[in-house]
Amino acid sequence: YCQFPATTANVVERNFVHSLSITSTNLSSQLVGILPVAGTGTYKNNMVRLGVNAAGAPITDGYAIYGIFEVAGTNNLYDNSVYVGGTGVVSSSPTFGFVSNVTAGTRNYVDNILWNARSNASGVAPNYAIALSGLAGVTSNYNDIFANGVGGCVGTAPGVAGCTLANWQAGTGQDANSISVDPLFINPSGNAATVNLHIQGASLCVAAGRPIGAVPNDFDNDLRNPCTPDIGADEVTPYVGPALA
């Protein structure tokens with residue numbers, strides 16, 4: 001829960017939020033991984049896994065689930081890895097890899113993996129990888145935005161009709177260099193001890209990102225490739241080349 005001043009350079013980085021669960025029978029309850037609610041922040045190299053409990057079992061109740069939920073503020077999201085899982089869901093509320101309620105102001109969503117794999121057994125609430133309430137001031141690109149479960153939809157925003165990456169690109173004018181593929185997380189559905197959102201070497205996220213000066217290192221503090229970094233929180237092969245001027 002991040003409530004920051006608007007005048008300072010706040011950074012939220014290298015957190016691993018996972019295996020949260022709810023015991024309430026109220027299906028309007030919410031599970032949220034990271035929650036920016038005010039001010040200015042840069043959120044980078046975070047990993048979030050929701051929709052699977054600490055035992056590695058899917059949470060099938062139809063709670064609203066938000067990997068990262070930007071309620072307000074002027075924020076940058078760089079190189080985060082988000083997975084929303086769970087099968088056999090009795091769907092009653094939409095779920096999101098990333099959702100923003102912000103409608104204006106300069107903000108950047110770049111080099112993130114946003115995978116919503118949640119899959120409905122009943123009900124029709126959608127499972128979005130990304131959702132934006134407004135597009136003014138947005139730069140979104142070089143992301144992997146993927147939703148492959150029953151009820152899955154890449155994204156929703158003003159002007160978007162349809163659920164494919166192409167629909168998202170046409171409706172928003174964003175994510176021209178983004179992809180929509182399984183990022184090959186090592187173990188996204190593991191229990192609290194084994195869950196792992198690092199990516200495998202065969203992932204199409206490898207070398208598919210854009211260099212960002214504010215993110216020279218990854219989740220493990222490994223150096224990123226200064227020319228062709230990986231998308232997401234993990235740089236599979238740490239950079240060992242010569243320093244760039």
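Me: Cys 2, buried or exposed?
Reply: Cys 2 counts as buried, at 9% relative accessibility. Buried means under 20% relative accessible area, exposed over 50%, and partly exposed in between, with a 1.4 Å probe and protein chains only. Bear in mind that this is a predicted model: local features need pLDDT of at least 70, side-chain atom pairs count only at pLDDT 80 or more, and totals for chains, interfaces and linings use all residues. Residues are numbered from 1 along each chain as its sequence is written, and side-chain values use heavy atoms, with hydrogens and water left out.

Me: And how many disulfides are there?
Reply: The structure holds 1 disulfide, a disulfide being a pair of cysteine sulfur atoms within 2.5 Å. Cys 153 and Cys 163 form it, with their sulfur atoms 2.1 Å apart.

Me: Where do those two sit?
Reply: Cys 153 is in strand 19 (residues 152-156), and Cys 163 is in the loop between strand 19 and helix 1 (165-172). The two are 10 residues apart, and the pair links distant parts of the chain. Helices (H or I, at least four residues) and strands (E, at least two) are DSSP runs, numbered from the N terminus.

Me: What's the handedness of the disulfide?
Reply: The torsion about the S-S bond of Cys 153 and Cys 163 is about -95°, so the disulfide is left-handed. As for accessibility, Cys 153 is buried, with a relative accessible area of 4%, while Cys 163 is partly exposed at 39%.

Me: Switching topic: how many salt bridges?
Reply: There are 2 salt bridges in the structure. That means a side-chain nitrogen of Lys or Arg within 4 Å of a carboxyl oxygen of Asp or Glu. Asp 79 pairs with Arg 224 in one of them, the closest N and O atoms being 3.4 Å apart.

Me: What does that pair tie together?
Reply: Asp 79 lies in the loop between strand 9 (74-78) and strand 10 (81-84), and Arg 224 lies in the segment after strand 21 (196-199), so the pair ties together parts that are 145 residues apart in sequence. Both Asp 79 and Arg 224 are buried.

Me: What else does Arg 224 bridge to?
Reply: Arg 224 also forms a salt bridge with Glu 235, with the closest N and O atoms 3.2 Å apart. Here Arg 224 and Glu 235 both lie in the segment after strand 21, so the parts tied together are 11 residues apart in sequence. Relative accessible areas are 5% for Arg 224 and 3% for Glu 235, which is buried.

Me: How many bridges between strand 9 and strand 13?
Reply: Strand 9 and strand 13 (residues 107-110) pair over 3 bridges, in the parallel sense. Tyr 78 has Val 110 in strand 13 as its bridge partner.

Me: And strand 10, which residues are on its two faces?
Reply: Ser 81 and Tyr 83 are on one side, with Val 82 and Val 84 on the other; all are buried, and both faces are covered. Strand 7 (residues 47-50) runs parallel to strand 10 and is joined to it by 4 bridges, with Leu 50 opposite Val 84. Strand 10 also pairs with strand 14 (residues 113-116) in the parallel sense, over 4 bridges. There, Tyr 83 has Trp 115 as its bridge partner.

Me: Last one: what does the side chain of Arg 107 make a polar contact with?
Reply: The side chain of Tyr 109, at 3.2 Å. A polar contact is a pair of N or O atoms within 3.5 Å; within protein, one must be able to donate a hydrogen and the other to accept it, and residues adjacent in sequence count only if both atoms are side-chain atoms. Arg 107 lies in strand 13 and is buried, with a relative accessible area of 1%.

Technical notes. Two strands pair if DSSP finds at least two bridges between them.
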